[in-house]
Amino acid sequence: MSAGRGAGYYLRLVGGQLRMSVLAALQYRLGFWTEGILGILWSALGMAPLLIAVEHQGAVVGWSGWELVVLTGCFTLISGLFGALIQPALNESMNHIRRGTLDYVLLRPADALVLCLVTAFAPWRLIEALGGLGLIVAGLGQLGRAPSGLELLSALGMGLAGVLALYAVGVLILCASFRAVQLQNLTFLMEALLDFARWPAQVFRGFLRMVFTFVIPLAVMTTYPAEALLGRLAGGTVVTAMATSVGLMVVARLLWTRSLRGYTSASS
Amino acid sequence: MSQEPLPRHRGGPRHLARVVAAMWRLGIAEAMAYRAAMLIWILTTTFPLVSLALWHSLAEAGPIGDYGSADFVAYFVAAFLIRQLTASWVVWDLAAQIGSGDLSTLLMRPVHPLLHHLMSNLAALPVRMLLAAPLGVVVLIFAGEVRVDPGLHLLLAPLAVLLAWLLNLCVQICVACLAFWLTSSTYLFELWLGLYMVLSGYAVPTSLFPAGLAAVVRYLPFHAALGFPVELTIGRLSGPELAVGFALQLLWLAVFGALALWLWRRGLRAYGAVGA
């Protein structure tokens with residue numbers, strides 16, 4: 001269905017959807033408090049276990065206090081982006097699939113997956129992402145560390161790879177919701193899992209380490225960007241992480257095409 | 001509905017017993033019908049098992065507080081199972097029924113609507129345990145090193161779990177009843193849940209909090225609803241601590257139970273006024 005549509009068209013499409021969501025969000029200014037500020041408070045509250053570990057052990061698996069602040073900043077940034085961009089779109093699309101109104105999305109002259117992923121945004125949650133950026137800057141400042149251009153670039157690359165991986169996992173959840181209704185729970189599952197991205201990936205061993213590096217790559221989302229900023233990420237890891245994310249996205253895209261064929265619309 | 005909103009039980013205790021048994025079967029049927037949803041819910045609540053892996057490896061560098069690696073295994077497996085046993089979801093169902101007006105159907109039945117919800121929650125427990133218990137056992141086997149000293153305290157564990165379940169139920173009914181006046185009462189419950197995750201001992205044993213903070217946190221209802229039964233089960237509490245724990249559970253249960261009943265009565269009056 002996407003034949004003949006260029007990248008410019010899709011950029012305009014995403015831009016248009018973003019603008020509409022922002023306008024809608026500005027109407028509900030209470031959202032500034034309930035989504036934005038509370039989002040920051042939840043992030044802070046969720047730090048409790050990490051703080052307790054630091055209090056008892058000083059450094060957590062080789063990460064000092066301020067290095068953990070940088071990591072927490074990366075987590076808060078990713079979690080804000082997840083809440084602002086991915087989660088609302090997933091929930092809305094699942095509703096479409098459940099009610100059969102996905103028909104209206106499929107009829108539009110653009111790629112259905114793109115349409116699903118831009119169908120809703122929650123701009124107020126971006127406040128949390130900004131808070132994350134603040135934490136990163138504060139942490140690096142306290143460590144007296146100014147990342148070089150290359151380090152910044154690889155941190156950015158890792159961050160993008162992390163967001164891509166999040167999108168891929170989200171698409172997989174969407175695919176699952178074609179099969180069974182009542183899967184709203186799955187986004188909660190994803191949220192609960194994402195919470196473990198607060199911890200340095202080195203905390204996990206064996207099986208969980210593999211899962212969190214390659215299947216649900218929490219490590220790519222937070223640990224690697226933080227390590228890049230702290231200047232201790234190996235070049236090889238950058239490549240593997242990128243490959244993991246792209247691979248996940250390809251798998252997700254293929255499954256999406258398959259699931260879409262199995263979709264029985266409201267009318268048929 | 002404004003004069004006498006509560007439907008009365010007809011007949012004697014035998015009739016009531018038959019009704020309760022029927023609702024139990026209904027609840028089990030419902031639980032079996034949504035196996036996939038329940039399995040995913042259980043996966044969501046495997047959170048303590050990941051916490052287990054995390055704290056277990058942290059504790060290898062040396063015990064954290066008075067918890068060694070093996071203690072964390074016992075703690076989090078117990079937390080996982082007790083969370084399964086004490087969970088309820090009245091708040092979502094009841095708030096939705098109040099919001100949509102479906103509650104009217106329940107009110108027409110000759111059984112108290114809260115009894116209906118109580119039984120439907122209770123009936124899901126066996127299915128839930130059937131799915132969750134093997135997972136707990138597997139983790140215990142793989143972890144290999146567990147210290148659960150059998151003792152009299154294990155006899156008290158079911159009581160603490162029961163009280164914790166009732167406490168969760170009452171809190172949820174309280175929040176759900178707010179739906180009589182508010183449109184977003186489930187949002188309030190998410191606030192409660194967020195605090196519960198951190199303060200109940202679900203993510204980290206509350207005794208590891210900084211001393212001053214721990215003293216406060218351990219008196220809150222969150223700890224009574226999870227941390228206390230868990231610590232009791234794995235045998236970390238002395239006699240006096242047990243007494244204080246049970247007293248706190250009963251206290252919070254009385255507070256939230258009374259509040260739930262009061263809100264329910266007041267709420268029904270408000271509900272009737274909307275035209276039900």
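In this predicted model, 24 residues of chain A are in contact with 23 residues of chain B, two residues being in contact if their C-beta atoms, placed from the backbone, lie within 7 Å. On the side of chain A that touches chain B, the elements giving two or more residues are listed below. Helices (H or I, at least four residues) and strands (E, at least two) are DSSP runs, numbered from the N terminus.

| Element of chain A | Residues |
|---|---|
| α2 | 30-46 |
| α3 | 48-57 |
| α9 | 184-194 |

With 7 residues, α3(A) gives the most to this side. The residues there divide into 18 nonpolar, 4 polar and 2 charged; Ala, Val, Leu, Ile, Met, Phe, Trp, Tyr, Cys and Pro count as nonpolar, Asp, Glu, Lys and Arg as charged, and the others, Gly among them, as polar.

Chain B holds 12 helices and 0 strands. Its radius of gyration is 20 Å, close to the 19 Å that the globule rule gives for 276 residues, so chain B is as compact as a globular protein of that length. That radius is taken over C-alpha atoms, and the rule is 2.2 Å times the number of residues to the power 0.38. Along the principal axes, the C-alpha atoms of chain B fill a box of roughly 65 × 40 × 35 Å.

Of the 276 residues in chain B, 39% are buried (20 or more other C-beta atoms within 10 Å of the residue's own, with C-beta atoms placed from the backbone). Among contacts in chain B between residues at least 6 apart in sequence, 80% join residues at least 24 apart.

Residues are numbered from 1 along each chain as its sequence is written, while chains are lettered from A and ligands numbered from 1 in the order in which they are written. Local features need pLDDT of at least 70 and side-chain atom pairs count only at pLDDT 80 or more, whereas totals for chains, interfaces and linings use all residues.

Key. A residue is buried if 20 or more other C-beta atoms lie within 10 Å of its own, exposed if 12 or fewer, and partly exposed in between; C-beta atoms are placed from the backbone.
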